[in-house]
Amino acid sequence: MNRFKTSKFKNTTPKIAKKDGWISNVRAGSFTSQGNHIKSSTRLVAFNTDQAGGGMLGLTSVEPGSDGKWTVTVIPCHADLITDLDFSPFDDNLLATCSADETVKLWRVCEPEQEQPGGAEVTLCPGEGRLELVAFHPTSSGLLAVGSTKTAQLWDTSRQQSPLAALEPHGDQLQSLSWKQDGSLLASSCKDKKLRVFDPRAQLTPVQSAQGLQSNKDSRILWVKDSDHILTTGFDQMRGREVRLWDSRKLGSSLGSANLGTSNG
């Protein structure tokens with residue numbers, strides 16, 4: 001008997017843009033990390049490249065130039081793989097990167113046609129080994145959540161010597177972090193299959209925690225806009241990709257789920 005379910009999305013095909021809408025000269029990398037490999041502000045797009053062991057960042061604009069083409073430039077950022085990146089919600093040109101070289105850096109990037117900065121504006125050294133995740137706070141300028149193997153720290157980029165707080169360590173590899181839109185709560189997913197919700201202003205331990213994921217394979221967590229609900233992506237016990245909806249105030253069971261097909265990995 002076939003153990004795997006047939007996905008209703010199996011015959012879905014993407015709509016590919018015409019070639020005049022493609023951005024060429026992109027040397028994107030295929031490295032493994034827990035973070036994002038591409039991020040965009042309203043004006044700029046930053047992405048991993050395969051150059052310098054993944055330590056160089058690609059940069060282009062959201063809109064093409066006056067000639068209808070996109071300029072792509074690269075910026076040497078880290079001595080090792082860039083594992084995650086995030087644009088500031090307050091400044092389209094302020095970009096945070098973290099790396100396997102154990103540092104977080106803030107960059108004042110320019111339009112791709114212009115000369116890029118020769119160095120980072122700020123460098124943070126959390127001292128937790130390889131870093132995997134970085135996320136700007138949505139309502140407090142200069143506040144960052146930084147994730148290492150098992151620990152999430154909060155940093156004020158104007159105070160570079162030590163973190164504001166170190167949250168209770170996770171039981172295994174931290175896989176994803178997400179701020180609630182009002183900045184009051186921070187949610188995480190982890191290889192130990194647990195979902196956690198922190199209120200860093202009140203305590204360093206989770207205010208909600210539950211064994212919510214069915215598999216320890218890669219997972220992501222995201223707050224639903226203007227609500228107390230959380231979305232997670234991951235895998236079920238049959239290796240099927242799934243999306244689940246949760247109430248952050250009660251993580252005991254999900255509100256609903258959708259199966260997106262079977263993984264070949």
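This is a predicted model: local features need pLDDT of at least 70, side-chain atom pairs count only at pLDDT 80 or more; totals for chains, interfaces and linings use all residues.

Tutor: Let's start in strand E14, residues 186-190, where Ser 188 has its place.

Student: Why is Ser 188 called buried?

Tutor: Its relative accessibility is 0%. Buried means under 20%, so Ser 188 counts as buried.

Student: What makes the pair Ser 188 and His 170 a polar contact?

Tutor: The side chains of Ser 188 and His 170 are joined at 2.8 Å, and the cut-off for such a pair of N or O atoms is within 3.5 Å. Beyond its neighbours within four places in sequence, Ser 188 is also in contact with several residues, including Leu 174, Lys 194, Phe 198 and Ile 221.

Student: Now to the loop between strand E9 (133-136) and strand E10 (143-147), where Thr 139 is found. Why is Thr 139 called partly exposed?

Tutor: Thr 139 has a relative accessible area of 45%. Buried is under 20% and exposed is over 50%, with partly exposed in between, so Thr 139 is partly exposed.

Student: Which residues is Thr 139 in contact with, leaving aside its neighbours within four places in sequence?

Tutor: They are Phe 90, Gln 181, Asp 182 and Gly 183. For Asp 182, the side chain of Thr 139 reaches the backbone oxygen at 3.5 Å.

Student: What makes Lys 217 a charge over the ring of Phe 235?

Tutor: Lys 217 lies over the face of Phe 235, at 4.3 Å from the ring centre, and the distance limit is within 6 Å.

Definitions and conventions:
Residues are numbered from 1 along each chain as its sequence is written. Side-chain values use heavy atoms; hydrogens and water are left out. Helices (H or I, at least four residues) and strands (E, at least two) are DSSP runs, numbered from the N terminus. Buried means under 20% relative accessible area, exposed over 50%, partly exposed in between (1.4 Å probe, protein chains only). Contact means heavy atoms within 4.5 Å. A polar contact is a pair of N or O atoms within 3.5 Å; within protein, one must be able to donate a hydrogen and the other to accept it, and residues adjacent in sequence count only if both atoms are side-chain atoms. A charge sits over a ring if NZ of Lys or CZ of Arg is within 6 Å of the ring centre and within 35 degrees of the ring normal.
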